[in-house]
Each structure stands twice: as C-alpha cells, then as structure tokens.
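Subject: Structure for your review

Dear colleague,

Please find below the structure that I am handing over to you, with its sequence. My findings follow it, and I would be grateful if you would read them beside the coordinates.

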Amino acid sequence: MRKIPFEFKLLTFSCFLFIASTGIAMLFFPGGTIMDHNTIGYSFFNNFFSELGRWRTVKGEPNWISFFGFEIALVFQSVTMFIFNKKLLNITNSKQLNPFLYYTALITGSIFPFLLTGIALTPCDLYLPFHMDFVYAAFSTLVPLSFAYTLLIRQHHLLPNKYGNAMMIIVFAITIYLFIMLYGPDPHKVGYVQQTAQKVIVYSMIFCLLYLSSGCIKYLTKESLES
C-alpha cells in the first residue's frame with residue numbers, strides 16, 4: 001500500500017474543514033444584512049461571506065461562534081495552501097520544467113496565504129478598508145497562481161490535463177468576480193448580486209482545490225516517494 005504524502009492529505013482535510021467550519025458559522029450567525037439590520041440568521045443571497053467574520057453583527061450582537069468558524073477556516077486553509085504549493089512544485093520538478101511558471105507559482109503561492117490570513121484577521125466591521133485591500137489583493141494574486149498551475153499541469157506528464165482545466169475555472173471565475181466587484185451593482189442597493197457571486201467563487205475555489213488534491217493523491221504519490 002502506497003503512503004500518501006502528508007501535504008496532499010492536509011489539503012484534502014483543510015478543504016473539508018473549510019466547508020464544515022463555514023457551514024457551522026452560517027448556522028450560528030445571528031442575522032442582519034447591510035440592507036436590513038433586522039433579518040434573522042444568515043442569508044446566502046444577501047450576506048457577504050466576510051460577514052461571518054464580523055466581531056459583532058450590524059445590530060451590535062455578539063458573533064463569536066461565526067467569527068471563530070470563519071477564522072479557523074481561512075487561517076488553516078492559508079497554512080495548508082502554503083505547504084501544499086511548495087510540495088507540488090517540488091515533486092513535479094517545475095523549476096526544471098518551466099522556470100518562469102515555477103517562480104510565478106512560488107511567489108504568488110507564498111503571497112496568497114498571507115493575504116488570505118489578512119482577510120481573516122481584519123474583521124470587516126472593525127477594519128473595513130484594510131479588509132477590502134486584502135480581499136482585492138488576494139483574489140488578484142490567485143489569478144496568476146491558478147494560471148501557472150494550469151500550464152504546469154499541462155506540461156507535466158504525470159498529472160492529467162483535466163486537473164489543469166479545473167484550475168483554469170478558478171482563473172475565469174475570479175476574473176469575472178473582480179469585474180463584478182469593480183463594476184457590478186452597489187450592494188447597498190442590490191442585495192444579492194455581489195453577495196451571491198462571492199460565495200460561489202469561494203466555494204468553487206475550495207472544490208477545485210479538493211479536486212486537485214485528489215489528483216495529486218492518485219497520480220503523484222509514486223513520484224513523491226521516488227524523489
């Protein structure tokens with residue numbers, strides 16, 4: 001029986017943890033949106049994802065369970081992606097395969113986890129300007145990282161192209177979302193477009209990473225053991 005590298009299992013676990021932790025955070029969110037402070041519970045279509053990480057709701061109610069669920073999900077995912085990125089680039093010999101793509105993935109894959117942690121540690125109700133800076137920077141950094149993964153996977157003979165195609169989905173999805181954030185309707189006037197798009201993008205990213213980790217476990221375990 002082949003031993004599965006720790007980094008691959010860790011990414012799989014972190015994706016499931018992200019889904020579970022943010023799901024619990026949504027269940028315990030007290031309520032309130034930027035358009036209606038009196039709503040009860042979390043609205044998938046009218047609450048932003050980052051509102052789970054508020055220290056207090058828009059009505060001033062404690063939000064501890066949702067806050068810590070949000071923090072755990074983002075911080076653990078950040079650490080995991082940093083570790084996974086280095087492992088993936090190493091076992092695929094990406095530096096020899098394509099130095100430009102290697103350094104693109106290495107740099108952006110090291111910066112993105114820092115930015116994701118920044119989103120978690122700047123609650124939007126306390127540090128909104130800094131929070132938004134981290135949001136824009138994180139999503140922007142994820143575009144070249146995912147694109148580099150797409151091309152590296154296509155050039156590497158052990159991981160099928162379909163896993164690169166999954167990463168390309170992230171590129172297109174985030175590009176569209178950045179356009180929505182910059183030019184979409186004002187969320188203070190239209191309460192569902194940006195809020196819904198944000199969560200669709202976030203969970204699409206998580207499921208693509210889960211799919212990538214399954215591919216690494218299936219196809220790259222032998223390569224890892226031989227290196």
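Among contacts in the chain between residues at least 6 apart in sequence, what percentage join residues at least 24 apart? The share is 71%. Please bear in mind that this is a predicted model.

Overall architecture

The chain holds eight helices and zero strands, and its pattern along the sequence reads α-α-α-α-α-α-α-α. Its radius of gyration is 18 Å, close to the 17 Å that the globule rule gives for 227 residues, so the chain is as compact as a globular protein of that length. Taken along the principal axes, the box filled by the C-alpha atoms is roughly 60 × 40 × 25 Å.

Of the 227 residues, 51% count as buried. The chain exposes about 11,000 Å², and 70% of this area is supplied by carbon and sulfur atoms.

In soluble globular proteins, nonpolar side chains tend to be buried together. In this model, the largest nonpolar core has 58 residues, and those with the most contacts inside it are F49, L74, F139 and L212. Two or more residues of this core come from each of α1 (6-27), α2 (64-91), α4 (99-121), α5 (128-155), α6 (161-183) and α7 (193-219). The largest share, eleven residues, is given by α7.

Setting aside residues up to four places away in sequence, F139 touches I174, Y177, L178, M181, I201 and V202.

L97 is found in helix α3, which spans residues 94-97. L97 and I111 are 14 residues apart along the chain, and their C-alpha atoms are separated by 22 Å.

I would welcome your comments on these points.

With kind regards

Methods: Residues are numbered from 1 along each chain as its sequence is written. This is a predicted model: local features need pLDDT of at least 70, side-chain atom pairs count only at pLDDT 80 or more; totals for chains, interfaces and linings use all residues. Side-chain values use heavy atoms; hydrogens and water are left out. Helices (H or I, at least four residues) and strands (E, at least two) are DSSP runs, numbered from the N terminus. The radius of gyration is taken over C-alpha atoms; the globule rule is 2.2 Å times the number of residues to the power 0.38. Buried means under 20% relative accessible area, exposed over 50%, partly exposed in between (1.4 Å probe, protein chains only). Contact means heavy atoms within 4.5 Å. Accessible areas come from the Shrake-Rupley method with a 1.4 Å probe; for residues, only the protein chains shown count as cover. A nonpolar core is a set of buried Ala, Val, Leu, Ile, Met, Phe, Trp, Tyr and Cys residues joined through side-chain atoms within 4.5 Å.
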